[in-house]
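Open the model in your viewer and keep the selection panel at hand. The stops below take you from one selection to the next.

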There are 2 protein chains.
Amino acid sequence: MSDEKSIDQNITDQKKQQNALAKNRLMGLTEKLYNQFLDEVVPNISLPSRTKENIRYDEKSHVWVYGDRESERSAKTVKGAFQLLKSTHAVDFIIKNHLQQDRGSTLRELYYISEGWDIAKFHEQPESDRLIEDLEIITGLQREYFHMRPEEDGATMFGPIRIREQTKRGSRTIHCQEDIGESGYQIPFNVENIEFLDHDAKFIIAIETGGMYARLIENGFDEKYNAILVHLKGQPARSTRRMIKRMNEELGIPVTVFTDGDPWSYRIFASVAYGAIKSAHLSEFMATPGAQFIGVQPSDIVEYELSTDKLTDKDVAALRSELSDPRFESDYWKEQIKLQLDIKKKAEQQAFAGKGLDFVTDKYLPERLTDMGII
Amino acid sequence: MSDEKSIDQNITDQKKQQNALAKNRLMGLTEKLYNQFLDEVVPNISLPSRTKENIRYDEKSHVWVYGDRESERSAKTVKGAFQLLKSTHAVDFIIKNHLQQDRGSTLRELYYISEGWDIAKFHEQPESDRLIEDLEIITGLQREYFHMRPEEDGATMFGPIRIREQTKRGSRTIHCQEDIGESGYQIPFNVENIEFLDHDAKFIIAIETGGMYARLIENGFDEKYNAILVHLKGQPARSTRRMIKRMNEELGIPVTVFTDGDPWSYRIFASVAYGAIKSAHLSEFMATPGAQFIGVQPSDIVEYELSTDKLTDKDVAALRSELSDPRFESDYWKEQIKLQLDIKKKAEQQAFAGKGLDFVTDKYLPERLTDMGII
């Protein structure tokens, strides 16, 4: 009891509310199963079917959402009964070991932890990962509310914003230009622990490569244009997308995305803006539908005569499939993708270095951002 | 001139000395070539041959070093003349654009920058990467002195040490427990910009996986044992190895390495302790020969009955090759590797979670560190 009290003193009211909410929703699941037993109903839960056929692009909200099809986990079958048993073990573990003690574990650890669950043990990690996704859908909460961590954490950011991060050792107030080293502020796995204090930011640039992120920091682009630079590190982690989404939604800061000029990079942009098929249930938390693409645009390759590589057969196939992808259903994208198929070339964002180290920050970005109406 | 003055005011004396040293050594190369022209000698430079045959494990210093074989870059051949021309362009660029302006660029950017060098343009990035390695060997300096950055930067650390990082925006004093978020201090690409102010650390644990690094932070292991936790992120980056080396050498803090229990992870340990064949010229900067391996040891797999996977054929081949690798030439390693070949199993460090979330920090690590004489 005294242990619980001392834990309570170290966490904020907001965190306590989050923990209570998660506990409440998770208990809702077990109560439902319990009441089904009492009512002599075979225990079961329904949740949206997560097959590709049941996921559609919502034209209104511009993100991926689930359709109406449902799948059932029911104790009528041995497989279903095992799934429900494992779910209750997981709920029990999350409430007692995570929420009540304000601790967490990785998805990998959860898989090992189940060794103590006897016949409810997971047989491989994808099984426990899927179960946590089930719990996200059932509760309508992100797994971060259950204190489930990914194996590796997010990327870094750099810009005119002061945040307060709630850590296990107390709160830390950090200005993301003045209080950090040259590599930036490391975004924690649980972005809900961050409170925004104040900022001077006019816009956010999310950047695919570490090289370009470092270039913009070195050239002082964040200071000159009051920009928050976020390093995407390729396909961005959940925490990175959530951080961008929160700054956009809560602070009203416009979001732009700067990647290489190839079909895979356009998908990085799309995952920031529209979400991903495999995490459709998280679109409302993760996707920033207003995000705008800066480049590298195929038309930039032509205009600036950038150093290029030839498109591979795989690149061409990916571009063709983007032509029928609802996320790229606009005149702008159709024109750019067709141009790229025509010139058969792709370019990296660092190719701007061929014009000098300042070209990208003195000329390219200011011109593009002006065209886009951002500055 | 006034530009150079204002730059001068923003950088420390130490940084100025580093820049002057780099300029001096690089100019030495071009002076040598110039004098060869004056003396009517065909310009040439010699450097250690970087073939596998010319690299040996030094039993005394316990790191990889080059042998006596040399290879020559000489203007006698067209290929050699091009190499020398490219070298002088690179030296010119580094001195004028990096050192004199206190700026830097990535290896990828250098490749694009050479577009402006006419016939001295690089044809692919491995060519420019190799040239920078040549310059490291010729000058005896790490490429960080030339302000050459890698594409992605290093890992994070967390522990009782206060550092001062020299950034372009001035110096930043950061305590690596008190002034940072939950994810730790992001190690910058150039560790020479860091000054150690004070610390309470008894030892360093370099940790392979993000999951285990987060576990030790959450369990407060760094506080309880005065340990600096360094996340290796798999095979560690140069900056991560250099940071560990500097803390070990300058502060006298013992280094331990905690990885998964498989042959690939033993190589991660070896790269921290002994360096890597492909960067033998950097061993003295990067390798920490006193580093000790904590585990996961094959004997731990047996003793703690950890959850395991079967060794694959590739694992077995890698273990066999380690039996003849001079870095694993000790009774301890021979015994452990033979045991593993015998039990045919491997285990991840997160498998300790099967014994509870505190087992690794309350029991396993304290016992191992006591056995090793560290605590």
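## Stop 1: the A–B contact

Select the residues where the chains meet: 57 residues of chain B and 57 residues of chain A take part in the contact (contact: heavy atoms within 4.5 Å). This is a predicted model, in which local features need pLDDT of at least 70 and side-chain atom pairs count only at pLDDT 80 or more, while totals for chains, interfaces and linings use all residues. Residues are numbered from 1 along each chain as its sequence is written, chains are lettered from A and ligands numbered from 1 in the order in which they are written, and side-chain values use heavy atoms, with hydrogens and water left out.

About 4,800 Å² is buried between chain B and chain A, and carbon and sulfur atoms give 40% of that area. Buried area here is the accessible area (1.4 Å probe) that two parts lose on being put together, summed over both.

Now show the polar links. There are 40 residue pairs in polar contact between chain B and chain A, both residues at pLDDT 80 or more. A polar contact is a pair of N or O atoms within 3.5 Å; within protein, one must be able to donate a hydrogen and the other to accept it, and residues adjacent in sequence count only if both atoms are side-chain atoms.

Color chain B by element. Strand 5 (105-106), helix 4 (107-113), strand 7 (156-158), strand 8 (161-167), strand 9 (170-175), helix 6 (210-218) and helix 7 (221-225) of chain B each supply at least two residues of its side that touches chain A. Helices (H or I, at least four residues) and strands (E, at least two) are DSSP runs, numbered from the N terminus. Helix 6 of chain B gives the largest share of that side, six residues. By class, the side of chain B that touches chain A holds 14 nonpolar, 21 polar and 22 charged residues. Ala, Val, Leu, Ile, Met, Phe, Trp, Tyr, Cys and Pro count as nonpolar, Asp, Glu, Lys and Arg as charged, and the others, Gly among them, as polar.

## Stop 2: salt bridges

How many salt bridges are there between chain B and chain A? The count is 14, and over all chains it comes to 50. A salt bridge is a side-chain nitrogen of Lys or Arg within 4 Å of a carboxyl oxygen of Asp or Glu.

Select B:Asp222 and A:Arg169. Their side chains meet in a salt bridge, 2.7 Å from N to O. The pair crosses between chains, from helix 7 of chain B to the loop between strand 8 (161-167) and strand 9 (170-175) of chain A. B:Asp222 is buried, at 0% relative accessibility. (Buried means under 20% relative accessible area, exposed over 50%, partly exposed in between; 1.4 Å probe, protein chains only.)

Go next to A:Glu348 and B:Arg108. The closest N and O atoms of this salt bridge are 2.5 Å apart. The pair runs from the loop between strand 17 (345-346) and helix 14 (359-371) of chain A to helix 4 of chain B. A:Glu348 is partly exposed at 24% relative accessible area; B:Arg108 is buried at 16%.

Then select A:Arg103, A:Glu109, A:Arg149, B:Arg215, B:Glu218 and B:Asp358. Salt bridges link them in a network.

For a pair within one chain, pick A:Lys363 and A:Glu367. Their side chains form a salt bridge of 2.7 Å, N to O. Both lie in helix 14 of chain A, four residues apart, about one turn of the helix. A:Lys363 is partly exposed at 33% relative accessible area, as is A:Glu367 at 34%.

## Stop 3: helix 12 of chain B

Select residues 313-323 of chain B. Buried in this helix 12 are B:Asp315, B:Val316, B:Ala318, B:Leu319 and B:Glu322. Look down the axis: the buried residues fall within an arc of 165°, so they line one face of the helix. The arc is that of the directions from the helix axis to the C-beta atoms. These buried residues pack against helix 9 (263-274), strand 16 (309-310), helix 13 (331-343) and strand 17 (345-346) of chain B. On the other side of helix 12, B:Asp313, B:Lys314 and B:Arg320 are exposed.

## Stop 4: two single residues

Pick A:Asn193, in the loop between strand 10 (185-186) and strand 11 (194-199) of chain A. A:Asn193 is buried at 8% relative accessibility. Leaving aside neighbours within four places in sequence, its contacts are A:Lys15, A:Gln18, A:Arg164, A:Glu165, A:Gln166 and B:Glu182.

End at B:Thr30 in helix 2 (residues 13-38) of chain B. A polar atom of its side chain lies 2.9 Å from the backbone oxygen of B:Met27. Beyond neighbours within four places in sequence, B:Thr30 is in contact with B:Thr88 and B:Val91.
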